[in-house]
Amino acid sequence: MDFELKTLRLPEAAAYSSPALAVLVADGFEPGEDALSALIQRALASGDFKTEAGSLLSSFGAPRVTSERLLLVGIGNGSPTQVRKAVAAAVGHCKRGPANALTICFAAAASPDAVAAAVGASCDALYQYTTTKGHTKASPAPKVSLKNVALGVPDASAVRQAFDKALGVAHGVEFAREWANRPANYATPTLLAQAAQQLAKPARRIGCEVLGPKDVAKLGMGAFQAVAQGSAQELRFIVLRYQGAAKADAPVVLVGKGITFDTGGISIKPAAEMDEMKFDMGGAASVLGVFRSLGELQPAINVVGLIPACENMPDGAAVKPGDVVTSMSGQTIEILNTDAEGRLVLCDALTYAERFQPKAVIDIATLTGACVIALGGVRSGLFSTDDSLALALQSAGQDALDLCWRLPLDDDYAEGLKTNFADVANVAGRQAGAVTAAKFLQRFTSAYPWAHLDIAGTAWKSGAAKGATGRPVGLLVQYLLSQAGDAPAAATVKAKEKTKAKSGKAKRKAGQADGASGKR
């Protein structure tokens, strides 16, 4: 998909040739003297078109408009939320038609946030999963008509930075969606590790290390090993590193739950909709997506990504309810329910994170059905031991239109995790299940500021729209960019300083030469 930004006011847009042209019209539209303004004004006056977000009016061969296919699109008050809704509707309408290119034009000035929303909505609407579809002549892969999208604004230079950032985030979201959508036999722990290794390139400032079963055993990750022991697929512990700042700068560590398929183990799940448990590595996919975006945007921050990847299967060697395992931290865990496996792989990864002396650790996991009941698919659940970290994540979610909601971590919630046979049980009762899961994880995070994002309700959609959403890549990238500020990556800073030094040296030489020749 080619995506570009253009300077197009309404008069230029009317004369611009595109297979399809969508014009975004906000409340209080003020017409000019051009053909599009006149058409919009007539459509509004007739009542055939309204500016409420998502309202559409299509036409073919409009007079004095060069593009044959024209779509008027209401964007309400022009806020990012309204623009996202409107652009999603517009692109959804156009991608079903014959046009192979679409120009989306704002009828008036567009804020950077509105431009970002338009880019994200366009990319989201145009994503199509094809990896396991149409590999024969009899069943060709589904084709996406739209191959090119241009975004027109009155002044492209004013929103260029927002456009580039949004495109970088969109590429990360798409990468996360792709890997979360793949069936478990196309996204094994080994294949997930290979995807991480393919992201690791010097130009992207990303490195990758993959640990296998023997390495994990040496580290004493008994909880992680216990989950993996019932599967024929070997576990993988993936370590990604992005270095955009000085080596001495403490990194932010992202930990993504990588259960590439979850049967529930011996505490097996019901058969209905078990296929959706391929999405149980949504946290891992989001970490991969974040690193895809980091490699493109290259902010001045250091980030580590940890992905404990394995399957949870009910083999004869599988861990049993009542078994006690020893985590990397040394704490023993009684596994009362083998379907509460995500917290077991995460707890060892959270202990491993200590070695990086991080400024903050954020784990991302499709952890509990209880969070789905509490928040549905609108907001991810947020838990944190640090108020400033929680506020920064909430703010990032608002800016990225990738919302979260903070839930409590009162000590009283940990009472249900007590057991007579180990330091802690892996489950409590049914009440406040999302909170007690977070309380379990909290036991392994005393060495650093920590936040937990439960994305069980937001990582994928069921029903006719079944598929991964790529959340919370947008939230996480926005948070990391906010921590980095507007500074470019460290290597870029050094390059600029080097260029500046050379320039200064050249100027001094020029000045000396001018002085010798008497010039002033």
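Colleague: In which sense do β10 and β11 pair, parallel or antiparallel?
Modeller: This is a predicted model, in which local features need pLDDT of at least 70, side-chain atom pairs count only at pLDDT 80 or more, and totals for chains, interfaces and linings use all residues. Residues are numbered from 1 along each chain as its sequence is written, and side-chain values use heavy atoms, with hydrogens and water left out. Strands are DSSP runs of E of at least two residues, and helices are runs of H or I of at least four, both numbered from the N terminus; two strands pair if DSSP finds at least two bridges between them. Between β10 and β11 there are four bridges, and the sense is parallel.

Colleague: Which residue in β11 stands opposite Asp262?
Modeller: Asp262 belongs to β10, which covers residues 258-262, while β11 covers residues 302-312. The residue of β11 opposite Asp262 is Asn312.

Colleague: How many residues of strand β10 are buried?
Modeller: Buried means under 20% relative accessible area, exposed means over 50%, and partly exposed is in between (1.4 Å probe, protein chains only). Strand β10 is largely enclosed by the rest of the structure, because the buried count among its five residues is five.

Colleague: Which backbone atoms does the side chain of Asn302 reach?
Modeller: Asn302 lies in strand β11 and counts as buried because its relative accessibility is 7%. A polar contact is a pair of N or O atoms within 3.5 Å; within protein, one must be able to donate a hydrogen and the other to accept it, and residues adjacent in sequence count only if both atoms are side-chain atoms. A polar atom of the Asn302 side chain lies 3.0 Å from the backbone nitrogen of Ala245, and the side chain reaches at 2.8 Å the backbone oxygen of Ala246.

Colleague: What else is Asn302 in contact with, leaving aside neighbours within four places in sequence?
Modeller: Contact means heavy atoms within 4.5 Å. Besides Ala245 and Ala246, the residues in contact with Asn302 include Tyr242, Gln243, Gly244, Lys247, Asp249, Pro251 and Val252.

Colleague: Where do the buried residues of α6 fall, seen down its axis?
Modeller: In α6 (residues 189-199), the buried residues are Pro189, Leu192, Ala193, Ala195, Ala196 and Leu199. They line one face of the helix, because they fall within an arc, taken from the directions from the helix axis to the C-beta atoms, of 155 degrees.

Colleague: What covers the buried residues of α6?
Modeller: The cover includes the helices α5 (156-181) and α9 (282-297). It also includes the strands β7 (206-211), β8 (236-243), β10 and β11.

Colleague: In what order do the six strands of the open sheet run, and which are the edge strands?
Modeller: The order is β1-β6-β5-β2-β4-β3, with mixed pairing. Pairing on one side only marks the edge strands, β1 (2-7) and β3 (56-60). From one strand to the next, the twist averages 20 degrees.

Colleague: What is the bridge partner of Val25 in β4?
Modeller: Strand β2 (residues 20-25) pairs with strand β4 (residues 69-74) in the parallel sense, over six bridges. The partner of Val25 in β4 is Gly74.

Colleague: What angle does helix α4 make with β6?
Modeller: Axes are lines fitted to C-alpha atoms, for helices over the stretch in contact, and angles run from 0 to 180 degrees between N-to-C directions. Helix α4 (residues 112-126) lies across β1, β5 (101-106) and β6 (148-153), and its angle to β6 is about 165 degrees.

Colleague: Which side chain makes a polar contact with that of Gln331?
Modeller: Gln331 sits in the loop between β12 (324-326) and β13 (332-334), and is buried because its relative accessible area is 16%. The polar contact, at 2.9 Å, is with the side chain of Arg443.

Colleague: Which peptide bond is cis?
Modeller: Pro472 lies in the loop between β20 (467-468) and α14 (473-484). With omega near 5 degrees, the cis bond is the one from Arg471 to Pro472.

Colleague: Over which residues does pLDDT stay under 50?
Modeller: pLDDT is the predictor's confidence in each residue, from 0 to 100. The protein chain averages 92, and 91% of the residues score at least 70. Where pLDDT is low, the predicted coordinates should not be read in detail. The stretch under 50, for which the model has 10 contacts beyond four places in sequence, is residues 490-520.
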